[in-house]
Structure formats: C-alpha cells, structure tokens
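Trainee: I would like to learn how to read a structure like this one. Please show me the chain before we start.

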Amino acid sequence: MARVAIVTGGTRGIGAAISLALKERGHTVVANYAGNEEKAKAFTDETGIPAYKWDVGDHEACLVGCQQVEADVGPIDIVVNNAGITRDGTLHRMTFDDWNEVMRINLGGCFNMAKATFGGMRDRGWGRIINIGSINGQAGQYGQVNYAAAKSGIHGFTKALAQEGAKFGVLVNAIAPGYIDTDMVAAVPEPVLEKIVAKIPVGRLGNAYEIARGVAFLASDNAGFVTGSTLSINGGQHMY
Ligand code: CAA
C-alpha cells in the first residue's frame with residue numbers, strides 16, 4: 001500500500017538511495033536536508049522528490065517542518081531517521097562541540113522526528129520508524145566516541161520505542177550499516193580505510209542501495225511482525 005514517507009538527510013548518499021527505493025515502491029516520498037542546497041535542488045530536479053530544509057537536531061524545526069510536510073502531502077506514515085554527521089578524532093583531540101553536535105544531530109534527530117510524528121501514527125493505528133544506526137554503534141570504533149555513542153543510543157532508542165509503539169501498530173526498527181561507499185566514508189584517511197576494507201569478509205565497501213533495500217523491506221507490509229530489531233548490513237564485518 002502506498003504511504004507517505006519522509007527520509008532525513010534524504011537527498012545525498014544513503015538517504016538519497018532510500019528516498020528513491022521508497023518512491024520506486026509507490027510511496028509518496030519527501031526528503032529532508034540541512035545543508036547542501038545545490039545537491040538538494042539537483043536531487044529534486046532529477047527525481048521529482050521534494051526536499052524540505054531543516055536541521056533535525058533542532059526540536060522546534062522538526063515539529064514545524066513535519067507539520068508543513070503533512071499540510072502539503074498528507075499524514076506521515078513512514079519516518080526514516082538517516083541524517084547524521086561525523087566529527088572523528090581521538091578523545092584527547094575531540095572538543096565538546098564535536099561531541100555535542102554528533103549527539104544533537106544523530107541521536108537527538110531521532111527523538112525530534114519521533115516526537116513530531118509518532119502521535120499521528122499511533123492515532124491512525126499504522127506507522128513505521130526506521131532508524132539508521134551503524135556497525136560502529138554496535139562494535140565501537142577508534143576515533144569515534146561521539147559517533148559510536150550516538151549510534152549505540154539509536155539502537156537503544158529503537159528497542160524502547162518499539163515496545164511503546166507495538167500495540168498501536170507502530171513498528172520501530174534499525175538498520176546498522178557497515179562501511180558504505182559514500183562521501184562520509186570517503187572522508188576516512190585512505191590508509192585507515194584500506195585497513196578497514198581488508199577486514200570486511202565480502203571484500204568491498206557496501207553500496208547505498210544495499211541499505212535502501214533493507215529500509216524498503218522494513219517499511220513494507222511484509223515486515224508486519226518485525227519490530228525492535230536491528231538489521232546488520234555490513235558485508236560480514238561484525239556478526240552481532
Ligand atoms: N585501532 C588501534 N589503533 C589505531 C586504530 C585502530 N582502529 N586506528 C588508528 N590507530 C592508531 C594508529 O596506528 C596510530 O598509531 P601510531 O602513531 O602508533 O602509528 C594512532 O592510532 C594515530 O592514528 P592516526 O594517524 O590515524 O591519527 P589521527 O589523529 O591522524 O586520526 C582518526 C585519528 C581521526 C581517528 C583517524 O584514524 C580516522 O579517521 N579513523 C577512522 C575512523 C572511522 O572509521 N570513521 C568512520 C567514518 S564513516 C562512518 O562512521 C559511517 C559508518 O557508520 C560506518
């Protein structure tokens with residue numbers, strides 16, 4: 001059945017692939033973005049998927065933004081919390097701002113978007129919230145105390161909200177991507193990335209559509225008995 005879906009960080013990288021995968025399955029898709037105006041415009045021109053600009057780390061902006069989306073395209077049934085940033089560095093170099101921005105956007109964004117949409121889903125008796133966690137939230141990663149903590153928090157958030165939503169038909173799941181061929185991963189210094197790829201059993205980075213297809217499954221009616229789960233898509237790098 002066709003639904004209304006919003007994908008945060010939905011105009012680039014994994015988010016863009018998710019937006020397209022949901023559109024291909026017949027959903028009405030809206031992409032949220034925060035920064036790159038030019039890429040967002042190009043994405044909309046190319047795909048016909050409208051892009052709405054706000055910072056998911058800003059609580060009020062999420063409430064207002066989702067209200068606007070609902071006024072424009074209808075009640076939001078599916079939320080994909082994909083927006084995220086990295087501010088990598090070992091603890092002794094990491095500033096409070098590096099810590100706080102990653103927590104505010106990556107983890108706070110999930111809370112803010114859920115606050116804006118969960119009540120409506122519960123009232124209508126159907127909803128899907130799909131949170132993009134990370135292998136590094138499951139296993140930790142050198143130089144990422146902020147990101148690993150936020151992503152690990154997303155996995156806990158998912159399991160807690162899944163318990164609250166189940167009896168109202170609102171299913172909440174996470175995907176934990178491994179290293180995917182995106183701008184974010186391309187920012188990892190090459191010698192470090194080579195060592196990481198050497199440890200991936202399938203022998204390569206993943207691609208964004210391999211994550212997007214997992215999201216499309218969790219958003220579908222085929223996943224009606226799946227809630228509180230984490231789907232790891234990481235080429236076997238961490239078997240959890
Ligand atoms: N385990 C143990 N030691 C490590 C290590 C690791 N994984 N990585 C680096 N080190 C060691 C290095 O060998 C080096 O030691 P020596 O000086 O004795 O040789 C020391 O730590 C310093 O390493 P760097 O030279 O790399 O230090 P730096 O300060 O220049 O950079 C860093 C540190 C920013 C953390 C850099 O190593 C880095 O970017 N690492 C990658 C972090 C990462 O994987 N980020 C993922 C981004 S993508 C993502 O997050 C998406 C997702 O969900 C998967």
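Mentor: We go from the whole chain to single residues.

Trainee: What kind of model is this, and which atoms count?

Mentor: This is a predicted model, in which local features need pLDDT of at least 70, side-chain atom pairs count only at pLDDT 80 or more, and totals for chains, interfaces and linings use all residues. Residues are numbered from 1 along each chain as its sequence is written, and side-chain values use heavy atoms, with hydrogens and water left out.

Trainee: How many helices and strands does the protein chain have?

Mentor: Helices (H or I, at least four residues) and strands (E, at least two) are DSSP runs, numbered from the N terminus. Here the protein chain has nine helices and seven strands. Its radius of gyration is 17 Å, close to the 18 Å that the globule rule gives for 240 residues, so the chain is as compact as a globular protein of that length. That radius is taken over C-alpha atoms, and the globule rule is 2.2 Å times the number of residues to the power 0.38. Along the principal axes, the C-alpha atoms fill a box of roughly 50 × 40 × 35 Å.

Trainee: What share of the residues is buried?

Mentor: Buried means under 20% relative accessible area, exposed over 50%, and partly exposed in between (1.4 Å probe, protein chains only). Of the 240 residues in the protein chain, 48% are buried. The accessible surface of the chain, from the Shrake-Rupley method with a 1.4 Å probe, is about 11,200 Å², and 54% of that belongs to carbon and sulfur atoms.

Trainee: And how should I read contacts along the sequence?

Mentor: Contact means heavy atoms within 4.5 Å. Taking contacts in the protein chain between residues at least 6 apart in sequence, 70% join residues at least 24 apart.

Trainee: What does the UniProt record annotate?

Mentor: Its unreviewed entry gives "domain: Ketoreductase" for residues 3-178. UniProt positions are in the numbering used here, feature names are shortened, and annotations may be inferred rather than shown by experiment. In the model, residues 3-178 are 53% helix and 18% strand, with end C-alpha atoms 28 Å apart.

Trainee: Let us take single residues. Where is Lys151, and what does Lys151 touch?

Mentor: Lys151 sits in helix H6 (residues 145-165). Its relative accessibility is 4%, so Lys151 counts as buried. Not counting residues up to four places away in sequence, Lys151 touches Asn106, Ile132, Gly133, Ser134 and Gly137. For Ser134, 17 residues apart from Lys151 in sequence, the C-alpha to C-alpha distance is 5.9 Å.

Trainee: Is Asn146 buried or exposed?

Mentor: Asn146, in helix H6, has 0% relative accessibility and therefore counts as buried. Apart from neighbours within four places in sequence, the contacts of Asn146 include Arg87, Met94 and Trp99.

Trainee: Where is Gly203?

Mentor: Gly203 is in the loop between helix H8 (190-198) and helix H9 (208-219). With a relative accessible area of 49%, Gly203 is partly exposed. Gly203 and Gly236 are 33 residues apart in sequence, and 9.4 Å separates their C-alpha atoms.
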